[in-house]
Amino acid sequence: MAHPWALLTLPVLLAGCGVAETGAAAGAAAESATQQAAQSRAAEQQVRDQIDAAEREAEEQRRAAETDGK
């Protein structure tokens, strides 16, 4: 007959592998979420910069129109 401790260690080892995989998957998901958040912040900043540039251009056009009208 096999040693009783050998029969008990097999499920523990298998369970440990599953836990490690779960932890690795969670870590990968967290890293992915962090990257997505950084990309979102960068995209938001680009949009803000574009809006600011459009507002500056509109202001310049308004001033030019006022100057031409006087």
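Visitor: Which residues are linked in a network of salt bridges?
Guide: This is a predicted model. Side chains of opposite charge can pair when their charged atoms come close. The network of salt bridges here links Glu-59, Arg-62, Arg-63 and Glu-66.

Visitor: How far apart are the closest N and O atoms of Arg-62 and Glu-59?
Guide: Arg-62 and Glu-59 lie three residues apart in helix α1, so about one helical turn separates them. Arg-62 is partly exposed at 39% relative accessibility, and Glu-59 is partly exposed at 26%. In their salt bridge, the closest N and O atoms are apart by 2.3 Å.

Visitor: Glu-59 also forms a salt bridge with Arg-63; is Arg-63 buried or exposed?
Guide: The closest N and O atoms of Glu-59 and Arg-63 are 3.0 Å apart. These two residues are four apart in helix α1, about one helical turn. A residue over 50% relative accessible area counts as exposed. Arg-63 has 51% relative accessibility, so Arg-63 counts as exposed.

Visitor: What share of the residues in the protein is buried?
Guide: The protein has one helix and zero strands. It exposes about 6,200 Å², with 61% of that supplied by carbon and sulfur atoms. Buried means under 20% relative accessible area. Of the 70 residues, the buried share is 0%.

Note on methods. Residues numbered from 1 in each chain as written. Predicted model: local features only at pLDDT ≥ 70, side-chain atom pairs only at ≥ 80, totals over all residues. Heavy atoms only, no water. Buried < 20%, exposed > 50% of the residue type's maximum accessible area, 1.4 Å probe, protein only. Areas by Shrake-Rupley, 256 points an atom, 1.4 Å probe, with all protein chains shown as cover. Salt bridge = Lys/Arg side-chain N within 4 Å of Asp/Glu carboxyl O.
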